[in-house]
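Dear colleague,

Here is the structure I promised to hand over. My notes on it follow below.

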There are 2 protein chains.
Amino acid sequence: MPTLRIALAQVNSTVGDIPGNVAAVRRWSREAADAGAHLVAFPEMMLTGYPIEDLVFRNSFVEASRQALTALAEGLAADGLGELAVVVGYVDADGPPAISSAAVPGSGRRDASALLHRGAVVATYYKHHLPNYGVFDEDRYFEPGDTLTVVRLGGADVALTVCEDIWQAGGPFSAARRAGVGLVVNINASPYELNKDDVRLALVQRRAIEAGAAVAFVNMVGGQDELVFDGDSMIVSAGGELLARTGQFSEELLVHDLELPVAADNAPAPDGRDGMMIERFLVSGDISEISGTADGGIADRLPDHAEIWSALVLGLRDYVDKNRFRSVIFGLSGGIDSAVVAAIAVDALGPERVVGVSLPSGFSSGHSKDDAADMAKRTGLDYRIEPIQPMVDAFLANMSLSGLAVENLQARVRGVILMALSNQEGHLVLTTGNKSELAVGYSTLYGDSVGGFNPLKDVPKTMVWQLARWRNTQGDPPIPENSITKPPSAELRPDQKDSDSLPDYEILDPIIKGYVDHDLGRDELIAAGNDPALVDRTLRMIDLAEYKRRQSAPGTKISGKAFGRDRRLPITNLFREGV
Amino acid sequence: MPTLRIALAQVNSTVGDIPGNVAAVRRWSREAADAGAHLVAFPEMMLTGYPIEDLVFRNSFVEASRQALTALAEGLAADGLGELAVVVGYVDADGPPAISSAAVPGSGRRDASALLHRGAVVATYYKHHLPNYGVFDEDRYFEPGDTLTVVRLGGADVALTVCEDIWQAGGPFSAARRAGVGLVVNINASPYELNKDDVRLALVQRRAIEAGAAVAFVNMVGGQDELVFDGDSMIVSAGGELLARTGQFSEELLVHDLELPVAADNAPAPDGRDGMMIERFLVSGDISEISGTADGGIADRLPDHAEIWSALVLGLRDYVDKNRFRSVIFGLSGGIDSAVVAAIAVDALGPERVVGVSLPSGFSSGHSKDDAADMAKRTGLDYRIEPIQPMVDAFLANMSLSGLAVENLQARVRGVILMALSNQEGHLVLTTGNKSELAVGYSTLYGDSVGGFNPLKDVPKTMVWQLARWRNTQGDPPIPENSITKPPSAELRPDQKDSDSLPDYEILDPIIKGYVDHDLGRDELIAAGNDPALVDRTLRMIDLAEYKRRQSAPGTKISGKAFGRDRRLPITNLFREGV
């Protein structure tokens with residue numbers, strides 16, 4: 001029984017930064033070699049980042065990825081790492097990309113995995129199952145592969161697969177059983193969702209048993225626009241036993257020894273109901289002798305609130321850093337939403353990169369200003385005060401405005417001030433509206449919706465409160481108790497409360513979840529126990545808010561179905577649920 | 001040889017307005033019956049509108065579509081139209097939709113066509129080829145059908161197909177040849193693109209010859225968010241001859257007599273390389289005797305500028321009317337972009353529904369104000385003047401701003417004024433930035449980018465000028481000559497000109513077209529004859545403007561690849577072409 005020392009490189013890749021991603025592979029491969037690994041696996045699309053979307057149609061981009069792959073193989077050998085088998089994801093194309101092919105989406109583009117050894121690309125594999133739901137659009141972008149790649153390494157047979165190949169039955173894992181491999185390496189760019197770690201573990205275990213082979217599952221970590229990749233890499237035995245597992249939300253190298261069956265030279269079972277061909281490659285030479293024992297260990301899972309908080313912090317940090325912003329700025333009102341955004345921002349970037357601006361109007365209460373100042377004092381963020389009344393008065397003196405137009409005007413003057421500070425000083429403006437408010441349209445277009453990124457875009461209001469209470473239990477509490485306990489208010493007219501216009505959030509949030517996240521209609525929502533009148537009122541608000549949402553900033557995605565790219569509705573849409 | 005009188009109902013459908021769409025079918029079916037037609041065909045997804053996007057995952061919506069179909073069949077019979085065969089598109093699902101299926105995209109949802117006769121649904125067909133490129137995402141939404149539906153009507157065999165079925169070889173048209181049908185009815189929601197009419201005619205002719213059958217191609221007409229459906233319905237003989245063709249951009253009923261071969265009862269040719277099954281249905285009873293002759297005639301095609309103008313006018317009108325806006329408002333600067341928007345808006349809505357606001361600053365030239373007033377006088381639109389200086393001064397007095405921050409401030413104050421007027425009076429705000437400006441980021445986020453719809457979003461600056469000159473040749477010229485001939489300027493600082501920051505638009509527009517519309521990389525653009533330094537400068541501007549574009553309003557799509565949904569790039573993307 002050969003023993004392979006497997007390393008899983010759970011690392012952070014950046015879309016488009018091919019040189020940076022290549023450098024990361026070389027750095028982590030060095031670590032893997034130093035740990036005595038025979039094989040190290042990097043995530044899906046490691047060289048290009050994920051998702052690359054329409055970049056796949058640009059020949060120059062695909063060519064850059066292909067050239068980076070061969071240069072990487074040579075670079076690893078030059079680094080003295082040629083004996084290490086390196087499995088890495090990249091984008092490939094059939095033959096040299098031709099200009100004409102750019103016009104035909106998907107034509108010949110491949111979501112690929114390669115095994116590099118001794119300065120060369122020994123084998124490549126093209127992803128077979130292409131996901132085309134939720135945040136995935138891979139039928140637009142790629143052609144599916146139809147051949148399982150099996151590599152013989154140190155006397156064991158190892159199959160290469162990519163991400164969705166493990167989520168769908170049949171195909172590569174079925175072919176892996178026919179090929180009699182000892183190990184399936186599955187490289188991933190699998191985005192974080194609530195409780196996805198539990199789903200993943202059960203899935204990897206099931207596929208290992210189906211394939212009759214150990215599975216090495218490695219996932220990307222890091223933020224990319226509204227996605228967060230949480231890592232959660234693992235190794236499962238052929239019997240379905242969890243052997244080793246990384247932590248979540250941070251870069252990590254998991255190194256683990258795996259006893260594998262001796263590869264047999266029998267022909268594969270002929271029953272190809274999976275529709276896959278099988279192609280075999282040999283990694284030349286013997287593998288190095290194992291020294292000592294490597295046991296990757298099984299890291300604890302985070303509790304739910306810690307998991308969500310980590311996703312929000314990582315999502316914001318990577319959006320800011322990867323887009324090369326020095327700092328962030330936002331309106332700090334003393335309310336719960338901006339307080340939680342401030343705490344996330346300080347955790348992500350440190351207080352010196354966070355600017356909170358109090359933007360009081362004539363309707364702002366004393367406690368609002370006090371709570372904002374208290375928040376700033378607790379966290380050490382850069383705190384400013386910019387009263388909006390002189391600018392609001394200039395508009396009111398020159399125009400005849402009343403009612404809602406005056407309320408919105410205040411929010412828009414705040415937006416103009418934040419954008420002016422952004423232009424003057426170079427900060428990224430954060431939006432602070434929560435998912436509940438955005439869903440029902442309780443916000444001002446070009447007012448409080450101004451900003452390039454919204455950490456709370458997919459966080460319902462009730463969860464905002466839960467996160468605030470949880471965060472305050474972790475070390476010094478950053479959030480003033482009063483921001484958590486006072487009734488929420490937009491403070492755009494005297495004594496205004498959210499409850500004047502909206503049902504209680506405890507009632508609202510389940511309706512939003514049903515309608516937005518689960519596509520339930522009116523009757524289904526009522527059958528689920530929601531009050532009919534409140535369902536009608538809420539759905540009407542959500543339908544009318546669809547347009548506003550199309551204008552909102554990206555933000556971190558934490559649930560199964562978020563706003564933005566993941567929810568696609570026509571703007572012009574006269575379908576109304578119920579009354 | 002039976003002669004069928006065929007009617008093609010090129011009509012306007014609205015997403016989500018199922019009752020309104022059903023009423024339109026009943027109204028136009030009456031017209032078709034009055035014209036003596038035996039069969040009338042309505043566009044793809046007539047009952048629901050197109051595209052319905054994620055609405056397809058809502059069971060209540062799918063159920064509403066199915067129920068509307070059966071109610072429509074009964075309604076037509078109640079109207080005394082039961083003898084007319086009505087072919088109509090709708091969304092269907094396999095079996096009754098279950099709540100659980102909502103979580104599995106595409107599961108069992110069908111893009112369907114039905115034939116209604118004597119109060120019943122006689123036959124249904126499920127679209128086989130699903131487009132998943134450009135503006136189409138049908139692999140997300142639908143399951144492909146695998147059975148060609150053939151209906152015997154008045155002794156002739158008629159096959160039902162849907163849209164993309166005609167764009168891809170094989171499949172239904174190949175099965176139609178095997179089935180030996182005399183006519184293929186192809187119902188469409190085929191969006192307008194430049195020169196698409198020429199492509200369509202050649203395509204329909206080729207497929208008619210391949211199928212050995214006449215083809216009746218009926219297309220939707222009207223605007224839906226950023227899409228415009230242009231109609232261009234036609235009937236082509238089995239030999240490929242164009243027999244009849246509608247005009248573009250307006251509702252129309254094309255009625256034409258078609259001699260068809262007598263249906264034979266031979267079994268279909270067995271060679272099903274197209275992978276389709278064939279199912280036959282009988283429309284009971286004899287068809288009525290033909291009275292007189294119906295020749296639909298062949299309408300002239302519009303010249304290019306007229307075609308584009310018509311698309312822009314229809315796109316705006318339907319966005320405004322279908323979303324139930326009373327009127328539109330925008331900044332009327334005296335420059336070419338807002339002048340062309342004003343002319344489009346007046347053509348679409350009439351001058352009484354169009355508000356143009358002059359928003360002069362201290363940097364606005366005398367000719368700007370004069371040209372705006374002249375435009376208003378020529379067209380009769382509602383003209384207002386709102387000087388921005390007092391509001392700008394209030395910000396400057398209370399903040400320390402300089403340079404670009406001051407330039408952007410002026411544009412944002414204009415945005416706040418337009419939104420305040422929108423809130424106060426209920427107008428839809430139009431954005432007036434052209435495609436060239438938007439592509440290179442020559443606009444102010446939350447400033448001149450404020451608005452719910454932008455007629456020029458996909459119109460390059462050079463085309464804006466061409467359209468202005470063309471429109472001025474059609475009757476009384478609405479656009480002041482000075483707006484067309486003066487050099488473009490943002491007027492955000494003294495004596496500013498676009499040419500201070502940008503290459504000439506004659507040089508810029510081909511680079512934008514290559515990079516944005518055709519995905520060419522730097523080397524390909526240089527090989528195409530563009531200046532290397534200008535290519536580098538322009539690509540850098542476009543890459544940096546990607547984010548802004550994500551915030552821009554929808555607008556009418558006129559080219560093969562527009563902004564917005566049709567161009568999907570990661571925001572965080574460090575890939576840079578060239579230097």
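The contact between the chains takes 85 residues from chain A and 85 residues from chain B, where contact means heavy atoms within 4.5 Å. The model is a predicted one: local features need pLDDT of at least 70, side-chain atom pairs count only at pLDDT 80 or more, and totals for chains, interfaces and linings use all residues. Residues are numbered from 1 along each chain as its sequence is written, chains are lettered from A and ligands numbered from 1 in the order in which they are written, and side-chain values use heavy atoms, with hydrogens and water left out.

Between the chains

About 7300 Å² is buried between chain A and chain B, and carbon and sulfur atoms give 57% of that area. Buried area here is the accessible area (1.4 Å probe) that two parts lose on being put together, summed over both.

Two salt bridges are counted between chain A and chain B; the rule asks for a side-chain nitrogen of Lys or Arg within 4 Å of a carboxyl oxygen of Asp or Glu. One joins the side chains of D137(A) and R140(B), at 3.3 Å from N to O. Another joins the side chains of R140(A) and D137(B), also with 3.3 Å from N to O. R140(A) lies in helix 3 (residues 138–141) of chain A and D137(B) in the loop between strand 5 (120–126) and helix 3 (138–141) of chain B, so this pair joins two chains. Helices (H or I, at least four residues) and strands (E, at least two) are DSSP runs, numbered from the N terminus. Over all chains, the salt bridge count comes to 66.

Helix packing

In chain A, the axes of helix 6 (residues 304–322) and helix 7 (residues 336–349) come within 9 Å and cross at roughly 65°. That makes helix 6 of chain A roughly perpendicular to helix 7 of chain A. Axes are lines fitted to C-alpha atoms, for helices over the stretch in contact, and angles run from 0 to 180 degrees between N-to-C directions. Angles under 35 degrees count as roughly parallel, over 145 as roughly antiparallel, 65 to 115 as roughly perpendicular and the rest as oblique.

Helix 6 of chain A meets helix 7 of chain A through residues including W309(A), L312(A) and R317(A) on helix 6 and V340(A), I344(A) and D347(A) on helix 7. By class, the residues of this contact are eleven nonpolar, no polar and three charged. Ala, Val, Leu, Ile, Met, Phe, Trp, Tyr, Cys and Pro count as nonpolar, Asp, Glu, Lys and Arg as charged, and the others, Gly among them, as polar.

In chain B, helix 6 (residues 304–322) and helix 7 (residues 336–349) pack at an angle of about 65°, with their axes 9 Å apart.

Helix 1 (residues 18–34) and helix 2 (residues 59–78) of chain A have axes that come within 10 Å and cross at roughly 25°. These two helices of chain A are therefore roughly parallel to each other.

Backbone points

Most residues other than glycine have a negative phi, and most peptide bonds are trans. A cis peptide bond joins Y50(A) and P51(A), with omega about -5°. P51(A) sits in the loop between strand 2 (39–41) and helix 2 of chain A. In chain B, Y50(B) and P51(B) are joined by a cis peptide bond, with omega about -5°. R118(A), a residue other than glycine, has a positive phi near 50°, and is found in the loop between strand 4 (109–117) and strand 5 (120–126) of chain A.

Regards
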